[in-house]
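Subject: Handing over the structure

Dear colleague,

Here is the structure that I promised to pass on to you. Please keep it open while you read, as my notes on what was found in it follow directly below.

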Amino acid sequence: MAHCTLKDVAREAGVSPSLVSKYLAGDPAARMAPDTRRRIDEAVIRMQYRPSPVGRALRIGRSGALGLVIGGFNNPFFALIADRALREAAKKGYQLLIAVYEFRPGAREEAFQSLLARQPDGILITGELPESEWPHAACPCLPLAIADYRPVLVQAVAFFRERGHREFTALCNPFSTWPDCFAGEPGCRIEMVPPSLEERIPLLRELCRRRPTAILTSGWQTATLLLRIIDAEFPGYEPEIIGQTFFDQPVFFDRRMVAVIREDLRERVCRSIARLIAAIEGGEGDFSPPLPEFIPAGMRKEPPLFGIDPEYEVIF
């Protein structure tokens, strides 16, 4: 069957194209008898009419697409963000265009510009950018919502103090707000963790040589590397570790993990997409992500079998 147009549907239903257009768009001005609605519905089904997304974009002045600027999918953190963003965008009737950047100077800006050329209605950008580097565009451009870690980090420090640690080392993601949270904290040594796993190994080895008794680490990959290095190269070294995670990784059930900081990344992405769409369509609401949880070792649930995420059935 040749491509069916709105005019074809109108001719088949015996009404005007403008009436069909208003009816299919849900326009309250499209007043008609029940029999007329029935004829239009039957014509749409019989002729297998599908509205043109290009035509819809021209009518409403929007493309129906969102953009996402994100790091590589070999990192489960970014893969989970992209997966949830795709799902949420689809629920709201939007397509999601994704531009992946490498961790090198200028890469994120290049990814942003490539998306901008596709004219999405709005763009979501992962990672933190100082105000001086924030891109300017005609469409709304928002960062992925950042959870407030200050309350839970205060809990973590207090937990270490209660266990007799006067000093601790904080392994921080270079894109996180953790260094600001620890500024001025007595006995805190901050180490910035490189994005590349290869670059982290020398840093973690040097950390183990210093043998701090308490370590607070951001991310499951850093925690996994740290414990592997300790087991292989520093037998007898038994630091107490608090790890931060978005997944129920088995590494966080190691005997040296005295507590976990856990954030609901899926909900953070959901609220970020909702906030972006509200900026596009006009709307208000509280889009703040939920606060992370501090979970001592004795209060943790057992990890899922083989590390399988029950929602996605993916082995991390």
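R38 counts as partly exposed at 39% relative accessibility, where partly exposed is the range between buried, under 20% relative accessible area, and exposed, over 50%, computed with a 1.4 Å probe and protein chains only. Its side chain meets that of E42 in a salt bridge with 3.2 Å from N to O, a salt bridge being a side-chain nitrogen of Lys or Arg within 4 Å of a carboxyl oxygen of Asp or Glu. E42 is likewise partly exposed, at 35% relative accessibility. R38 and E42 are 4 residues apart in helix α3 (residues 34–46), so about one helical turn separates them; helices here are DSSP runs of H or I with at least four residues, strands are runs of E with at least two, and both are numbered from the N terminus.

Before going further, please note that this is a predicted model, in which local features need pLDDT of at least 70 and side-chain atom pairs count only at pLDDT 80 or more, whereas totals for chains, interfaces and linings use all residues. Residues are numbered from 1 along each chain as its sequence is written, and side-chain values use heavy atoms, with hydrogens and water left out.

A search of the whole structure finds 20 salt bridges. One of them joins R271 and E267, whose closest N and O atoms are 2.8 Å apart, and both of these residues lie in helix α11 (residues 265–281), 4 residues apart, or about one turn of the helix. R271 is partly exposed, with a relative accessible area of 26%, and E267 is partly exposed at 27%.

As for the chain in general, its secondary structure comes to 11 helices and 12 strands, and of its 316 residues 45% count as buried. Among contacts, meaning heavy atoms within 4.5 Å, between residues at least 6 apart in sequence, 61% join residues at least 24 apart.

The aromatic rings deserve a careful look. Rings of Phe, Tyr and Trp (its six-membered ring) pair if their centres lie within 6.5 Å, with planes under 30 degrees apart counted as stacked, over 60 as edge-to-face and the rest as tilted. By this rule the count comes to 7 aromatic pairs. F168 and F182 form one that is edge-to-face, with 5.7 Å from centre to centre and 65 degrees between the planes. Because F168 lies in strand β5 (residues 168–172) and F182 in helix α8 (residues 178–182), this pair ties together parts that are 14 residues apart in sequence. F168 is buried at 3% relative accessibility, and F182 is buried at 4%. The rings of W178 and F182 have centres 6.2 Å apart and planes at 85 degrees, so this pair is edge-to-face as well. Y149, F160, F168, W178 and F182 form one aromatic cluster.

How many disulfides does a search of the whole structure find? The search finds 0, a disulfide being a pair of cysteine sulfur atoms within 2.5 Å. The closest cysteine sulfur to that of C172 belongs to C188 and is 6.9 Å away, which is too far for a bond. C172 is buried, with a relative accessible area of 0%, and C188 also counts as buried, at 18%.

Lastly, please look at strand β2 (residues 95–100), where V100 lies and where I98 is also found. V100 is partly exposed, with a relative accessible area of 46%, and I98 is partly exposed with 31%. Leaving out residues up to four places away in sequence, I98 touches L68, I70, F73, A82, L86 and L115. The C-alpha atoms of I98 and L66 are separated by 8.5 Å, although these residues are 32 apart along the chain.
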